[in-house]
Amino acid sequence: MSEKRYTKREGFKISSIPLTYKHAIPVSKTEKFWKGLAEGKIYATRCKICGSLYSPPQADCANCRSADMEWVEVPEEGVLVTFTKVYARPQGYEGFDPYIIAIVEAGDVRVMGWVMNINDETKLKIGSKVKIKPVYIEKHDKYIIGFYV
Amino acid sequence: MRRVAVVGVGMSAFGVRNDVTIQELVWEAVREALDDSGLEQKDIELSVVGTVNTRGYELMPAVVVNEYSGLTGRGPLRVEAACATGSAALWTAYSAVASGQVDVAIAIGVEKMNEVDTATSLAVGGRAGNYLWEFHMYGTTFPAYYAFYATAHMQKFGTTEEQMAMVAVKNHKYASRNPKAHFQFEVTLEEVLKSRPIAWPLKLLDCSPISDGAAATVLASEDVARKITDTPVWIEAIGYSSDTSNFTRRPHYLGLEATRKAAEMAYRRSGVEPRQVEVAEVHDCFTIAEIMAYEDLGWVEKGKGGIFIAEGQSELGGKVSVNLSGGLKAKGHPLGATGLAQIYELVKQLREERERGRQAPLRNYIALSHNVGGTGHYAYVTILRR
């Protein structure tokens, strides 16, 4: 191994005045999705005019410019499309053990979620069948989409 | 549209630059670019400042860096396209010159990433998708997004962790010969494979570092360029595209559609064929990204990128010499600066001014830069010719 040469220059510093953001996110147009998770349901939206499907759900159809949407339930079973396990966790997730995030295809839509019942990512296979259901995450007091292989 | 030439390039040393503020860092690049062009600030009619700057304390820095560089009154326009911000700045300055609105413009790219800690940096990078539907719910990170592609590419095409590691070994090798690189040391295949997991299957040495840096490019119309330099480098075309912010809405995870479309536009507009490109800087923020780039830029068929690196086709003097600067992987990846640092490298390559051991052999003098924003959220492909 060669000698490790880096560009790393340090110097005299002062602290900034801290700035904290805590947003109140207006999700009234997708309220049914957020409340649905707590009731065990996962929703997408479909445009009543042109049939376009949106997952995650959105209130407006950019395809035909309609706002005439209906809520449709995402199927309870799907297929694993890809996945990763996050070891280097970001601020806000420091309190979690490394977690597996996956993309699952369910019927005509795809959803992102956490794989809840497998810890060893090398045991997972793309194409595997999974059950999809919302799960409560106590640390964040929120519901997310969970996958069960 | 008028022809546009690069007439001056500058770049700061990349790395942890906790010795300077954002404006001081920018000046290192602007001063070199002005010196290189032989022009003065009064000759510059428009300044375009590219920075993502979601980690900085100076939230609206364009006017700050412009003033420090003596460019007050000449712009600035601020642009942002995630990690492709430098190329978005280049496109904006290029368009202003090509359209005839100005004769001389400067594109500046800068990022300060080390004034906050790594966890904060990961949280900012993980929001470079769609915060509400992804980071908020699942704690996505930037490495995780590319890991989704790596997992899918490995399973579909048999791409291996060893092949990905070869990209790191190659790019560290060239960075060790680049005095402006963040990492100026070589790594072995074994070191890459044994480095700690960041987002499986990506390991620490598959990832580009968190770097500070600035780069600047002076552009001029053909009339001006012919008067001031004997070595203009022509921008033949800039192609651009984008993809969905919601990762779940991508059609597949085997390559970047935005890269494919941007490349198609750049090749079509320039009349250059993929096989004519001799030297390239591609967006290797993670090793899998370089492997997909070989495919999406048309140098090898889809799925064969792993074989391309294993056969040495992207080495100096191979089919196309890729990332002789060390790439984002080892030269460093200060988001807003990256696209213009690629131009800096390629202009130096085309002028045959690089150090021994990393100057590409040239016959056609055609170069390509490939700059991706986010995980294929944006892509720019620029074709340069001397």
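Two strands count as paired here if DSSP finds at least two bridges between them. Keep that in mind for what follows. And keep in mind that this is a predicted model.

Let's start with the sheet in chain B. Strand 5 of chain B covers residues 104-111. Which strands does strand 5 of chain B pair with in the parallel and in the antiparallel sense? The parallel partner is strand 3 of chain B, residues 46-50, over 5 bridges. One pair of residues to look at there: B:G50 has B:G109 as its bridge partner in strand 5 of chain B. The antiparallel partner is strand 8 of chain B, residues 213-221, over 8 bridges. There, B:V104 stands opposite B:A220 in strand 8 of chain B.

Now strand 8 of chain B also pairs with strand 1 of chain B, residues 4-11. That pairing is antiparallel too, with 7 bridges. Look at B:A220 again. B:A220 is the bridge partner of B:A5, and B:V104 stands opposite B:A220 as well.

How buried are these strands? Take strand 5 of chain B. Of its 8 residues, 8 are buried, so the strand is largely enclosed by the rest of the structure. B:V104, B:I106, B:I108 and B:V110 point one way, while B:A105, B:A107, B:G109 and B:E111 point the other. Note B:E111 in that list: buried, like the others. Strand 8 of chain B reads likewise. Of its 9 residues, 9 are buried, so this strand too is largely enclosed by the rest of the structure. On one side sit B:G213, B:A215, B:T217, B:L219 and B:S221. On the other sit B:A214, B:A216, B:V218 and B:A220. Both faces are covered.

Over to chain A for a sheet of another kind. Here 3 strands form an open sheet, in the order 3-2-4, with antiparallel pairing. Strand 3 (53-54) and strand 4 (69-73) of chain A are the edges, each pairing on one side only. Strand 2 of chain A, residues 43-47, is joined to strand 4 of chain A by 5 bridges. Within that pairing, A:R46 has A:E70 as its bridge partner.

Next, helices. In chain B, helix 3 (residues 85-98) packs against helix 14 (residues 335-350). The angle is about 65°, and the axes are 5 Å apart. From helix 3 of chain B come B:T85, B:G86, B:S87, B:A89 and B:L90. They meet B:G336, B:G339, B:L340 and B:I343 of helix 14 of chain B. By type, that contact has 4 nonpolar residues, 5 polar and no charged.

Aromatics now. Over all chains, the structure holds 30 aromatic pairs. One of them is A:Y93 with A:Y99, a tilted pair, 5.7 Å centre to centre and 45° between the planes. A:Y93 and A:Y99 are both buried. Another is B:Y146 with B:F286, also tilted: 5.2 Å centre to centre, 35° between the planes. That pair links distant parts of the chain, 140 residues apart. B:Y146 lies in helix 6 (residues 142-157) of chain B. B:F286 lies in the loop between strand 10 (279-281) and helix 11 (287-296) of chain B.

Are B:Y146 and B:F286 buried or exposed? B:Y146 is buried, because its relative accessible area is 0%. B:F286 counts as buried as well, because its relative accessibility is 3%. Both belong to one aromatic cluster, along with B:F142, B:Y145, B:F148, B:Y149, B:F247 and B:Y253.

Two charges over rings. The charged end of A:K133 sits over the ring of A:Y148, 5.0 Å from the ring centre. In chain B, the charged end of B:R3 sits over the ring of B:W234, 4.1 Å from the ring centre.

Last stop: B:Q313. Where is B:Q313 found? In the loop between helix 12 (305-310) and strand 11 (321-322) of chain B. B:Q313 is partly exposed, with a relative accessible area of 25%. Leaving out residues up to four places away in sequence, B:Q313 touches B:F308, B:G318, B:K319 and B:V320. As for B:E58, that residue is 255 residues from B:Q313 in sequence, and 43 Å away in space, C-alpha to C-alpha.

How values were computed. Residues are numbered from 1 along each chain as its sequence is written. Chains are lettered from A and ligands numbered from 1 in the order in which they are written. This is a predicted model: local features need pLDDT of at least 70, side-chain atom pairs count only at pLDDT 80 or more; totals for chains, interfaces and linings use all residues. Side-chain values use heavy atoms; hydrogens and water are left out. Axes are lines fitted to C-alpha atoms, for helices over the stretch in contact, and angles run from 0 to 180 degrees between N-to-C directions. Helices (H or I, at least four residues) and strands (E, at least two) are DSSP runs, numbered from the N terminus. Contact means heavy atoms within 4.5 Å. Ala, Val, Leu, Ile, Met, Phe, Trp, Tyr, Cys and Pro count as nonpolar, Asp, Glu, Lys and Arg as charged, and the others, Gly among them, as polar. Rings of Phe, Tyr and Trp (its six-membered ring) pair if their centres lie within 6.5 Å; planes under 30 degrees apart count as stacked, over 60 as edge-to-face and the rest as tilted. Buried means under 20% relative accessible area, exposed over 50%, partly exposed in between (1.4 Å probe, protein chains only). A charge sits over a ring if NZ of Lys or CZ of Arg is within 6 Å of the ring centre and within 35 degrees of the ring normal.
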